[in-house]
Amino acid sequence: MQNKLNIGVRASYPESGNVNWEEFLLSNKIPYIELAFYNPENFKKISIDDVVAPIIEHPIGVLSIHMAHAKITKEREFIQILGKTIEIARQLLVDTIVIHPSKSKSKPDNIYKFIEKEVDPIIKYYGVTVCWETFTSKYRFLSGPKEIANFCKSHKNHKMCYDFSHVHKDTDQVLKDIDKDFSFIRIFHVSNLAEGKQHIPIY
């Protein structure tokens with residue numbers, strides 16, 4: 001039996017300006033999306049009903065939710081943002097949340113303890129899987145596919161979001177990563193990287 005591959009387009013919820021969210025979704029004729037948020041402070045002010053109502057009404061398939069970029073070292077805020085994201089996911093019947101591993105000067109072990117004590121019970125209760133995106137940086141508490149895969153081996157409700165534009169590797173090495181760590185990858189973010197520019201369209 002083959003695994004089903006779903007393809008969606010990033011749809012970022014408008015955090016400023018006069019963009020009509022419903023019109024944006026309908027005008028782009030997007031059947032499946034990754035619903036994305038960016039700024040934590042703006043996200044706190046967003047009405048959940050305003051986000052989910054147009055998606056449910058039309059309806060549009062949501063494959064995953066990209067959480068606003070809350071810093072995991074700001075523990076209370078991180079839990080607050082995660083909780084609101086999970087509520088949106090619950091209403092949209094989504095079980096996958098993508099998170100950026102934030103930059104941190106704390107020891108990784110301290111962050112892992114926070115995840116195990118505070119994050120894991122929440123995502124386990126709601127049946128949510130967190131997918132850590134593959135940024136490659138010595139300043140992030142999880143850096144690149146190798147570290148994320150190792151983390152996932154001992155953390156059941158965690159997977160990898162492999163973002164081609166963030167790993168800074170050539171095609172051959174990317175293919176080796178995918179072959180080696182495929183069992184830990186739930187999501188691919190597909191775009192190109194060239195001459196230092198990220199998220200270039202691949203077509």
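Strands β2 (residues 32-36) and β3 (residues 61-66) pair in the parallel sense over five bridges. Two strands count as paired if DSSP finds at least two bridges between them. Helices (H or I, at least four residues) and strands (E, at least two) are DSSP runs, numbered from the N terminus.

This is a predicted model, in which local features need pLDDT of at least 70, side-chain atom pairs count only at pLDDT 80 or more, and totals for chains, interfaces and linings use all residues. Residues are numbered from 1 along each chain as its sequence is written, and side-chain values use heavy atoms, with hydrogens and water left out.

**Sheet**

- Seven strands form an open sheet, in the order β1-β2-β3-β4-β5-β6-β7, with parallel pairing.
- β1 (9-12) and β7 (185-189) stand at the edges with a single partner strand each, so one side of each has no neighbour in the sheet.
- The twist averages 30 degrees from one strand to the next.
- Ala36 stands opposite His66 in β3.
- β3 and β4 pair in the parallel sense over two bridges. Ile65 has Ile97 in β4 as its bridge partner.
- In a regular strand, side chains alternate between the two faces of the sheet. From β4, Thr96 and Val98 point one way and Ile97 and Ile99 the other way. All are buried (under 20% relative accessible area; exposed is over 50%, partly exposed in between; 1.4 Å probe, protein chains only).

**Helix α4 against α5**

- α4 (residues 75-91) and α5 (residues 108-126) pack at an angle of about 10 degrees, with their axes 11 Å apart. Axes are lines fitted to C-alpha atoms, for helices over the stretch in contact; angles run from 0 to 180 degrees between N-to-C directions.
- The two helices α4 and α5 are therefore roughly parallel (angles under 35 degrees; over 145 is roughly antiparallel, 65 to 115 roughly perpendicular, the rest oblique).
- Residues of α4 that meet α5 include Phe78, Ile79 and Leu82. Among their α5 counterparts are Phe114, Val119 and Ile122. Contact means heavy atoms within 4.5 Å.

**Nonpolar core**

- The largest nonpolar core has 53 residues. Such a core is a set of buried Ala, Val, Leu, Ile, Met, Phe, Trp, Tyr and Cys residues joined through side-chain atoms within 4.5 Å.
- Ile33, Leu35, Phe37, Ile55, Phe78, Ile88 and Trp132 touch the most other members.
- α4 gives the most to this core, with seven residues.
- Leaving aside neighbours within four places in sequence, Phe37 has contacts including Tyr13, Phe43, Ile65, His66 and Ile88.
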